[in-house]
Amino acid sequence: MNFSNGLSLRAQLYILVSSLCIFTLSASLYNNVSNMQDYLNDQLASHAQGAAHNLGLSISPYMDEEGLVTAEIMTNAIFDSGYYQFIRFTDFDDNILFERTNPTLAHRVPQWFMNWFTLQPPIMQSEVSDGWRLAGILKVQSNAGTSYTALYDHSISALKSTLLQLFIALIFSYFILKSVLIPLLSIEKQAKEVTQKQFNFNPSKPFTTELRTVVNAMNTMVANIQRSFSEQTALAEQLSQEVYVDSLTHLPNRRALLKRFDSLQAEAQIQGDRFFVSLVSMPSLQSINSNEGYGSGDSYISEGSELLLSLSHNIEGIDVYRISGSEFAILAYVTEEIANEFSQNMLDAFNIANSSRFEEGFANQVITKVSLTDSFTDVTKRLDTLLTHDNYLASPMTSNIATPNEARSRSEWVNIISEFTDYYQNEIANASSADFSIKCIPLEKLFDLTMQPVVDKDNNILYVESFVRFKHNGKELPTVDVFAMAERLGLLDNLERAVVSFIFLKLQQIKQTTVAINISNTALHDANFHQWLFTLYRQLQHRLPPILFEFNETAAMVSLNSTKQFISQAKSAGIGITIERFGSSLTSFQYIKNMDIDFVKLDGSYIRDIEQADTQFFIQTVTQICHGIGIDVIAPQIETEQVSQHCLHMNIDGLQGNGLFAVKNFNHIDGLTINTATMLDLADFN
C-alpha cells in the first residue's frame, strides 16, 4: 500500500476505533480466562484440602502396621476416581508409607493453551494421628486435567461471545462513523474541485458543528472567488468590447486588427509561415445614407458583415474586422489555395448580392500576401492601390499573393505529405516501446525541432516551448500549408502522430526541464488521437522530461466538453496545460473558471499594444482574474526590455520572446546527446 499521499481521516478513524474495540475486547477476554484460571486454581486447592482432611480422618484408626493395608485400600478407592494427581502418606522422617500418582491428562486441550494458562494445583496436607500419637502426614494434590478441559471450554465460549460482541461493536461503529463522516466526502470533493479550478458550492449541512464550520467557510470562500471572478471578468469583457469591438457589427475593430497583424506576423516568422490580408470596400454606403437614411446605411453594413462572417464561418484561420465606416479587413492565416478559394467565394457572393439599389456595387475586395518584412502601413497602401485599379475585379487574386514558382500542385503536395506520413505508418505505428527511438531516427531528415524558453521574473526557466518545422528537398515548408494539405488529403492524423513521435524522440535528450508541445485544433478534439497520445506517453514517460501541452483559445472553445476531457486525461498523466492566444477571441473569459489549467499565455497582440493605458488595464484585470483562480499568466512576443518591465510590473508570471531569448534549433543546443539526458539552461539559448 502506498502512503506517499497520506491516509484519509476516515481510514484513520476506522483503524483507531477498530483497534480500540479489538484491544478492549481482547483484554476483556484475557481477564475473563485469567479469572477462570484463578478460580480453578482455588477450586483445586479447596478440593485437595478437603480430600486430605477427610481421608486423614478416615484412615487414622488404621495406623498400626497391619492397619496400613486397610488405609491403603481406602486411599485407592478415593484415588481411582481420577480427580487427584497424587496421594502420598509419609512418616515424619519423610519416608513414604504408601503413594498413588496419576498423569496429567487433558483431552481436547492443546499444549499451547496449557502453556499460556498453566494451572498449578497446590499440594495440601493433613496430619494423621493414632490416638494421641502423630502417625504421619497425608499429602494430596488435585489432578488439573479436568480443570484444563473446563478452562479450555470456558475460553472457547468466551472467545465466541467476544467475537460476536466485537463484530456488533464494529458494525455499530462503522455506521456511526459513516453517518458522522458522510459530510467529509463532500468537503473533500469540494476541496479537490478547488485545486482543479472548479469552484462549486457544497450543499451539505453536517450535524457535526466542526464540519459545519468547515463547510460554511469553504462555501464562503467559493462565493467570494465566484463573485470576484464574475466582477473582474465582466469588467474585462466590457473593456474589451469598448476598445476592440465595433458597436454596430460586433466585429473586431481597426485597433484589434493592428494588434493582431503584428502578433500574427511574429507567429508566422517563428513557424516559417505567411498570411494574407484582404480589404473589402462597400462603396454604396454614402448613396444609401443620402437616399434612404442612416438606418438603411447601418443595415447595409450589417448585411455585408453577416455575409463575410457566413463565408468565413467554417474556415479556421480567417478573421473579419471592421476598420472604418465602409471598409472591412480580413486576416487569413491559411494556405494560398484556401485564400484563393475564399477570395473567389467573396467575389461570387458580392455579385449575387449586387442589385440596382447599390449604385456603385454591393462590395469590392482585393487580397495580398504579407511578407515577413511588410509593415501594416505597407500592406494597407498596397491594398488601397489595388482597390483603385480599374481592372482589379478581373482576377480574384492579384499578383502580390504569389508567384507561379512559389505555388505547388496538388500532386506535389500529395508526394510531400505522403513522405511525412508513410514512414510513420509503415515503421513507427506498430513499433514496440523498446524499438521506438530507433524507428524514429529517420524522421530527423523530415522534421526540425526548435525551442524557445519561457522565464519567470527571476529569470529561471518555467518551461521551454517546442516548435516543429517541416523540410523537403532541403527547404523549409510553411507549417500552415503542411497541416492544411494533410487535412485535405485525409492524412492529418498520421502527420500529427509522426510529429509527436519525432518530438518524443528528441526530448529523450532532456531531463528535468519542462517542455511544452503544441496540440493542433483538430488533435485537441480527436478522441482516437487522445488515446494514442496518452498511451505512447505512459510507455515513454520514464525517458521523457516533464511535459506540458499548449493549445490556443479558439481551439479550446470549439467544444469545451472535449477540451475538458483532454485536460482531465493530461492531468491524470501528470501533464500540465497552457492555453495560448488568450483573449484573442474577444469573448467571455468565463470558460476558464472550471478548467484545470496551469498557464494562460496572453495573445501577443496585447503585449505589442502594452504602451496603451487601456491595454495595460485590460492585462492587469486578466492577470487578477487568473491569479484569483490559481492560474499563472505568460506574456509572449517580448521584443524589448521596456515591454518586459511593463509585464513584470503588472505581476505577469512568465515572459517569452525574441527580445529575451530567440528561438533556437534543437540540434544547435550544446551538450545534448542521444545517450545522455541533459537539463537545459538559459545559457543554451544565448
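Nine residues of helix α9 are listed as buried (under 20% relative accessible area, with exposed over 50% and partly exposed in between; 1.4 Å probe, protein chains only): Glu336, Ile338, Ala339, Phe342, Ser343, Met346, Leu347, Ala349 and Phe350. The model is predicted, with local features requiring pLDDT of at least 70 and side-chain atom pairs pLDDT 80 or more, while totals for chains, interfaces and linings use all residues. Residues are numbered from 1 along each chain as its sequence is written, and side-chain values use heavy atoms, without hydrogens and water.

**Helix α9**
- Helix α9 covers residues 336-353 and spans 26 Å from first to last C-alpha, close to the expected 26 Å (1.5 Å times one less than the number of residues).
- Its buried residues pack against several elements, including β5 (275-281), α8 (294-312) and α13 (479-488).

**Ser605**
- Ser605 belongs to helix α19 (residues 604-608); helices are DSSP runs of H or I with at least four residues, and strands are runs of E with at least two, numbered from the N terminus.
- Ser605 counts as buried because its relative accessibility is 3%.
- Beyond neighbours within four places in sequence, Ser605 is in contact (heavy atoms within 4.5 Å) with Lys259, Arg260 and Ser263.

**Positive phi values**
- Most residues other than glycine have a negative phi.
- Gln512, not a glycine, has a positive phi of about 70 degrees; Gln512 lies in the loop between α14 (492-507) and β12 (515-518) and, at 52% relative accessibility, counts as exposed.
- Arg581, in strand β14 (residues 576-582), has a positive phi near 55 degrees and is partly exposed because its relative accessibility is 23%.
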